[in-house]
Amino acid sequence: MGRTMIEKIFSRHAGHDVKAGDIVVAPVDFAMLHDVNAPAAIDNFHELDVPMVMPKDRAVIVLDHFAPSPTPAAANSHKKIRAFAGKEGIRLYDVGEGICHQLVIEDGFIKPGSLNVATDSHTCSYGALNAAGFGIGASEMAVVLASGVCWFKAPETVKVVLGGKLPPYAGGKDVALKLIKLVTEKGAIYKNFEFAGAVGALSVEARITVCNMVVEMGAKSAVMPGDEALAGWLEKNGQPAEGFVAADEDAAYCSTVNIDLSILQSQVAMPPDIDNVADVNEIKGKKIDQVFIGSCTNGRWEDFALAAQILRGRKVGPGVRLIVAPASRSIYSRLLKEGLLEDLIQSGAVVNPPGCGPCAGLHGGLIGDGEAVLSTTNRNMKGRMGSSKGDIYIASPAVAAASAIAGHITWPGAEVCK
């Protein structure tokens with residue numbers, strides 16, 4: 001029996017054949033911590049009382065969730081992290097650099113065929129680069145820093161076959177939400193997702209969005225194929241297009257899901273469950289108080305370019321707050337240089353520094369009792385973005401921009417956007 005992509009990555013790192021269900025102890029290629037879990041990981045590492053073994057050039061710490069610091073406690077945590085990073089010689093991305101997953105992808109830390117860990121559940125995003133990314137806890141990360149290895153249980157794989165071409169304004173977020181609707185939020189616990197078929201219909205940025213959200217079905221990881229589009233993206237970003245893994249034709253999958261992209265409409269997840277998904281036209285007209293565009297899910301350049309295209313020359317509707325946050329400083333800079341940030345500002349948008357604040361419900365634009373927010377983030381459980389008495393709707397940047405203009409949920413083809 002052949003092997004899936006994730007089985008091949010594990011086999012490559014373990015030095016022997018690995019199948020789904022096997023327990024593996026393997027060296028990791030890269031480790032990332034952020035300011036939510038880094039303080040606990042640092043404490044756990046100190047308790048081990050051993051020197052750091054993980055290569056210093058393959059570990060980073062990012063200050064992105066509590067950034068800029070919204071409380072004295074957060075500021076003190078940042079002080080602790082800065083001191084540790086300086087002592088150990090680990091690269092630190094300080095306040096304003098951006099969101100952890102975007103930064104490590106941008107800066108070439110994630111390579112095809114690699115095995116990566118981070119103290120965040122959305123580490124599965126790295127699968128977009130034909131790599132494996134697993135979220136781990138603070139105690140596990142301490143051991144990784146002390147040893148350079150981590151334990152894993154190789155997951156079973158769900159195969160997702162894409163067909164057709166995406167219609168106008170549909171994108172990675174709509175693919176992700178459709179997949180979640182089909183599988184459900186508990187339908188892929190401890191599974192891996194492997195994508196096949198018309199993956200070329202998705203940009204690499206859109207693939208990051210799709211892989212980012214597999215954890216919302218309980219999955220551990222996702223892997224996209226290494227194709228010409230990914231090779232071109234890597235070369236454009238100054239990275240070698242090598243090390244790709246591909247599934248064998250006779251690889252074993254626990255299930256298969258088919259999605260026809262050609263008939264995919266814009267999708268919206270309704271509160272309070274991420275799998276409560278409907279076509280946008282089924283719920284259009286729902287009044288909203290706030291729109292947020294950003295996060296590790298949809299804070300990339302192409303997301304804002306599309307939003308700016310829709311918002312250009314128009315104004316945010318009365319009574320609606322539009323908050324945007326680029327996922328990294330480099331994205332922010334490009335939006336500024338190309339004039340897209342001006343389009344967003346002139347429409348009425350408020351621009352946050354790069355970071356996770358509103359998405360994680362920490363600062364930078366929370367909602368109050370009875371308010372509704374339409375967000376390009378990844379979770380809509382009660383209280384995630386502010387008041388537990390508020391509602392969170394999850395959708396694409398295109399739907400978010402159009403809805404900001406209308407003051408209610410709609411899509412870019414609606415009359416208000418013509």
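Predicted model: local features only at pLDDT ≥ 70, side-chain atom pairs only at ≥ 80, totals over all residues.
Phenylalanine 193 stands opposite alanine 222 in strand β10.

Which residues does phenylalanine 193 touch, not counting residues up to four places away in sequence? Among them are Thr157, Val158 and Val160, as well as Leu179 and Val183. Phenylalanine 193 also touches Ala188, Val214, Met217, Ala219, Ser221, Ala222 and Val223.

The two strands β9 and β10 belong to an open sheet of four strands. The order of its strands is β10-β9-β8-β11, and the pairing is parallel. At the edges stand β10 (221-223) and β11 (255-260), each of which pairs on one side only. From one strand to the next, the twist averages 20 degrees.

Which residues have the most contacts inside the largest nonpolar core? They are Phe193 and Phe195, and the core as a whole has 102 residues. Helix α15 (residues 397-406) supplies the largest share of this core, with seven residues. There is also a second, separate core, which has 39 residues and includes Leu33, Ala85, Ile90 and Ala154.

Another sheet can now be examined. Five strands form an open sheet in the order β4-β3-β2-β5-β6, again with parallel pairing. Its edge strands, β4 (91-93) and β6 (132-135), each pair on one side only. On average, neighbouring strands of this sheet are turned by 20 degrees against each other, direction ignored. Within the sheet, β2 (residues 30-34) and β5 (residues 115-118) pair in the parallel sense over three bridges. One detail of this pairing is that methionine 32 has alanine 118 in β5 as its bridge partner. Helix α5 (residues 138-147) lies across β2, β3 (59-62) and β5, and its direction is at about 135 degrees to β2.

Asparagine 380 is placed in the loop between β17 (372-375) and β18 (391-394). Is asparagine 380 buried or exposed? Asparagine 380 counts as buried because its relative accessibility is 3%, and the term buried applies under 20%. Polar atoms of its side chain lie 3.2 Å from the backbone oxygen of aspartate 273 and 3.1 Å from the backbone nitrogen of isoleucine 274. Leaving aside neighbours within four places in sequence, asparagine 380 is in contact with several residues, including Ala269, Met270, Pro271 and Pro272. Its contacts also include Ile392 and Ile394.

The protein chain may finally be viewed as a whole. Its secondary structure comes to 15 helices and 18 strands. Of its 418 residues, 57% count as buried. Among the contacts with a separation of 6 or more, 74% are between residues 24 or more positions apart. The C-alpha atoms fill a box of roughly 60 × 55 × 40 Å, taken along the principal axes. The radius of gyration is 21 Å, which agrees with a compact globule, because a globule of 418 residues would have a value near 22 Å.

Technical notes. Residues numbered from 1 in each chain as written. Heavy atoms only, no water. Buried < 20%, exposed > 50% of the residue type's maximum accessible area, 1.4 Å probe, protein only. Polar contact = N/O pair within 3.5 Å; in protein donor to acceptor, adjacent residues only side chain to side chain. Contact = heavy atoms within 4.5 Å. Pairing = 2+ DSSP bridges. Axes fitted to C-alpha atoms, helices over the stretch in contact; angles between N-to-C directions. Core = buried A, V, L, I, M, F, W, Y, C linked by side-chain atoms within 4.5 Å. Rg over C-alpha atoms; globule rule 2.2 N^0.38 Å.
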